[in-house]
Amino acid sequence: MSKNLFNRYIWIVDTIRRHGSITREELCRLWQKSSVSDGEPLARRTFYNYRNAIEELFKINIECNRSTFEYYIEGGDTRSESVTDWMLNTASLSNALTDAREVSSRVFLEDVPSARQFLSPVIAAMKEYKTIQFGYSPFSRTGAPKPVVLEPYFLKIFKLRWYVTGRNVKENVIKTYALDRMSSLCVLQDTFKVPTDFDAEAYFRDSFGIVFTHGEVRKVTIRVDPRQAKYFRALPLHHSQEEMIHDQYSIFNYHLRLTPDFVQELLSYGPKVTVLAPTELRLMMINNIKQSLDNYNQS
């Protein structure tokens with residue numbers, strides 16, 4: 001498929017979604033003003049061909065309301081649709097930036113280096129259930145990269161870094177690896193099967209990020225100032241987030257495992273966030289704050 005054709009599919013999906021519902025006449029008008037049209041009109045037959053291709057490629061159904069003659073996208077919330085949404089959002093952003101070349105010097109993006117080199121081969125290995133081999137250099141290790149053979153179960157992006165989780169063949173343990181710490185990755189011919197009792201979606205369900213622990217799920221309660229509470233409402237820390245609003249602050253409750261990355265996340269908000277429970281997490285926060293103060297007192 002040509003890049004231009006793919007971008008046309010993305011444009012149609014993105015435009016219909018942004019409008020909620022739209023007539024074909026209005027869609028055609030916007031089409032001719034867009035960069036993907038090359039100035040050509042969107043013929044009726046071409047639109048229907050694109051509509052069928054979108055359904056086949058993305059599993060997205062563009063339906064028509066016969067009473068208003070407006071087109072809309074049929075809803076859904078499955079895991080595959082979530083992945084498709086992410087892909088469409090990424091491609092839509094690319095299209096938007098293409099349309100805005102004249103202001104490109106005033107658009108600043110965050111880099112995701114881990115997606116450049118190894119994301120595609122890892123996805124290919126996952127599709128064919130093949131093991132991968134790579135050198136790994138965690139930040140805690142010095143010297144030559146450690147050789148790893150992995151059965152890649154699933155991928156996860158967290159804080160602009162890609163991670164792959166699967167079974168370390170040599171150690172027979174489920175582990176997670178950052179793609180930007182890999183080197184010399186190759187796809188092997190050895191195949192594998194994901195255990196029937198392994199639930200990829202549930203693996204990190206009770207964690208904040210990508211650190212897995214067998215510790216029990218705890219109820220976490222934090223007090224947040226009104227301004228920070230607005231940010232947490234817009235972008236929750238965890239799917240279990242619940243809020244109780246008070247006059248001068250908000251109380252947020254979560255149900256998750258206590259992991260180092262969650263502690264670091266809470267510390268990053270400084271005095272805007274105070275941990276109320278559990279006691280174990282309060283002590284983690286206090287110890288980290290004391291160590292930071294000691295560093296400054298010694299300097």
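Let's start with a pair of oppositely placed names to look up in this predicted model: Glu 26 and Arg 29, whose side chains meet in a salt bridge, 2.7 Å from N to O. Both residues sit in helix H2, which spans residues 24-33, and because they are three residues apart there, about one helical turn separates them. How exposed is Glu 26? Glu 26 counts as partly exposed, at 26% relative accessibility, and Arg 29 is partly exposed too, at 42%.

That bridge belongs to a set of twelve salt bridges in the structure. Another one joins the side chains of Glu 128 and Lys 130, at 3.2 Å from N to O. Here the two partners fall into separate classes: Glu 128 is partly exposed at 48% relative accessibility, whereas Lys 130 is buried, at 16%, because buried means under 20%.

Now hop over to Glu 151, which forms a salt bridge with Arg 167, with 2.9 Å between the closest N and O atoms. Glu 151 lies in strand E5 (residues 146-158) and Arg 167 in strand E6 (residues 161-168), so this pair ties together parts that are 16 residues apart in sequence. Both Glu 151 and Arg 167 are buried. Salt bridges can also share partners, and that is how Lys 146, Glu 171 and Lys 175 are joined into one network.

Last stop: Asn 253, in strand E11, which covers residues 250-256. Asn 253 is buried, with a relative accessible area of 8%. Its side chain makes a polar contact with the side chain of Thr 221, at 2.7 Å. If you set aside neighbours within four places in sequence, the residues in contact with Asn 253 include Lys 219, Val 220, Ser 240 and Met 244.

How values were computed
Residues numbered from 1 in each chain as written. Predicted model: local features only at pLDDT ≥ 70, side-chain atom pairs only at ≥ 80, totals over all residues. Heavy atoms only, no water. Helix = DSSP H or I, 4+ residues; strand = E, 2+ residues; numbered from the N terminus. Buried < 20%, exposed > 50% of the residue type's maximum accessible area, 1.4 Å probe, protein only. Polar contact = N/O pair within 3.5 Å; in protein donor to acceptor, adjacent residues only side chain to side chain. Contact = heavy atoms within 4.5 Å. Salt bridge = Lys/Arg side-chain N within 4 Å of Asp/Glu carboxyl O.
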